[in-house]
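Q: I have a structure open and a few things to ask about it. Can we go through them one by one?

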Amino acid sequence: MDRRKFIEIYGMFFTATTLLSFNSSISEEINDVVIDDKEKRDDYKLLNIPIIKAFTIGLNAPSAHNTQPWKFEIINPLEGLLYVDETKLLPKTDPSVRQIHISCGCFIEALAIGSIGIGFESEITLFPNDLYKHEDIGKKPVALIKLTQNKSLLKHPLFDYIFQRKTNRSVYYSDSFSKEDFEMVKQNCNIFYSQITYFKDFKEIENYKSFFSKAMQIEFNTLSTNEETRRMFRFNKNEAKIQRDGLTFEANGLNGLSLFFAKAFTKNTIESWNNKLTIEKGLANFNKSLDSSRDFIFFTTTNNTLLDQINVGRDFYQFCLSLAKNGFYCHPLNQVIQEYSEMDNIRKEFEKLTKTNEIKKIQMIIRIGRAKKPYKSYRRHIYDFIVQS
Ligand SMILES: Cc1cc2nc3c(=O)[nH]c(=O)nc-3n(C[C@H](O)[C@H](O)[C@H](O)COP(=O)(O)O)c2cc1C
């Protein structure tokens, strides 16, 4: 839905300040640097309709490649439907749409915690029209959400971290996470569905790291997946600001001279992006960050249905918020578990090593630690996500 139509339909619920908040172009003129972070996400506080407020909070959730693969149907001010947006899939990197559904799980959890923060309980019915087939993606809903006002609700302890959590792909400080930290992070969140495994054995970790690095090399050197990343890549500040999704050099942890050179020499063309030198630089940057890490976690489920994927997304997101609460960052390293043919050999080898398979599935792999504050990524405007039945 475009902004004009959104205001036409929902405008009567809006205050003048709300309308101003959507007019980002005015403030963008003032000072790009100062307002940069504020302008990257819509502010739920300026909205009045509870279900739209809750959806707007949900948008802070992470998603694979920052595709934000969601669309919403508003039923009434307290009820709405969440769908996967079938135009935002990653068919090359995520042909099984598994990561898209994990991203939906993250969104649902952000909305559930967020609703409590605005005084509403949320009743979430997953797949209200049953689990669907691939061809039904975008046609059948992932979740029906019903809000009920409850003035006695206390703010959820993880609420504030919805707005602070960020993926951090940069170098992590050495020994910045411990077994005790892991226990603390686990205690501060609710992991309901998946098994989380934390590794401390040096040899085991080094072995896993070599898998993560090789898998990234495959992803870069596979034209179809590397091109899919280019499609989701925003090459300069202006592109990022207009598209409000995808990945950037800054989000990849580049700064200073490396950022300058990456921006100067990498062009948005098939030749430049897939050039040997560009790939080598990207890989070197990834390996530098990977090498700095000693702490890794796997999220595993015993089954691998859409429902499991949604649920592991909810767990992963809770864990991310708890990491943020305790001053830690994480960086997903999912290449080796992806299901496209070029990854088959190494994925199967990795599954053998970890005693998993396509049913008992490792759904998310993350590295954890403390690091410098990262870049804050954009989200599209709420009105972009709303569709009419
Ligand atoms: C299911 C899922 C898979 C992801 N996989 C990766 C990954 O393999 N590598 C990576 O760097 N980031 C990965 N991410 C992080 C997203 O790219 C990130 O959430 C997105 O760019 C938005 O940025 P933010 O988390 O800072 O808000 C993943 C996120 C999700 C939800």
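Q: Which residues does R379 touch, not counting residues up to four places away in sequence?
A: This is a predicted model. In it, R379 touches K40, R41, L59, N60, A61, P62, N66, Q68, R165 and R244.

Q: And where is R379 placed?
A: In the loop between β8 (361-369) and β9 (386-387).

Q: Buried or exposed, that R379?
A: R379 has a relative accessible area of 3%. The cut-off for buried is under 20%, so R379 counts as buried.

Q: Take N66 from that list. How many residues apart in sequence are R379 and N66, and what is the distance in space?
A: They are 313 residues apart in sequence, and their C-alpha atoms are 8.2 Å apart.

Q: Changing topic: helices. At what angle do α8 and α13 pack?
A: About 160°, with the axes of α8 (residues 202-221) and α13 (residues 276-291) 10 Å apart. The angle makes α8 roughly antiparallel to α13, as the cut-off for that is over 145 degrees.

Q: Is the crossing of α8 and α13 left-handed or right-handed?
A: Right-handed.

Q: Which residues make the contact?
A: From α8, K209, F212, S213, M216, Q217, F220 and N221. From α13, I279, G282, L283, F286, N287, L290 and D291.

Q: How many of those are nonpolar, polar or charged, by class?
A: The contact of α8 with α13 has seven nonpolar residues, five polar ones and two charged ones.

Q: Now rings. How many aromatic pairs are there?
A: The count comes to 33 aromatic pairs. One of them is F199 with F298, which is edge-to-face, at 4.5 Å centre to centre and 65° between the planes.

Q: Which parts does the F199 and F298 pair tie together?
A: F199 lies in the loop between β5 (195-198) and α8, and F298 is in strand β6 (residues 296-301), so the pair joins parts 99 residues apart in sequence. Both F199 and F298 are buried.

Q: What about F260 and F261, stacked or edge-to-face?
A: Edge-to-face, with 5.4 Å centre to centre and 75° between the planes. F260 counts as exposed, at 53% relative accessibility, while F261 is partly exposed at 41%.

Q: Last one: which residues do ring pairs link into a cluster?
A: F177, F182, Y198, F299, F316, F319 and F328 are linked into a cluster by ring pairs.

Methods: Residues numbered from 1 in each chain as written. Predicted model: local features only at pLDDT ≥ 70, side-chain atom pairs only at ≥ 80, totals over all residues. Heavy atoms only, no water. Axes fitted to C-alpha atoms, helices over the stretch in contact; angles between N-to-C directions. Helix = DSSP H or I, 4+ residues; strand = E, 2+ residues; numbered from the N terminus. Parallel < 35°, antiparallel > 145°, perpendicular 65-115°, else oblique. Left-handed = near helix turned anticlockwise from the far one by under 90°. Contact = heavy atoms within 4.5 Å. Nonpolar A, V, L, I, M, F, W, Y, C, P; charged D, E, K, R; others polar. Phe/Tyr/Trp six-rings, centres within 6.5 Å; stacked < 30°, edge-to-face > 60°. Buried < 20%, exposed > 50% of the residue type's maximum accessible area, 1.4 Å probe, protein only.
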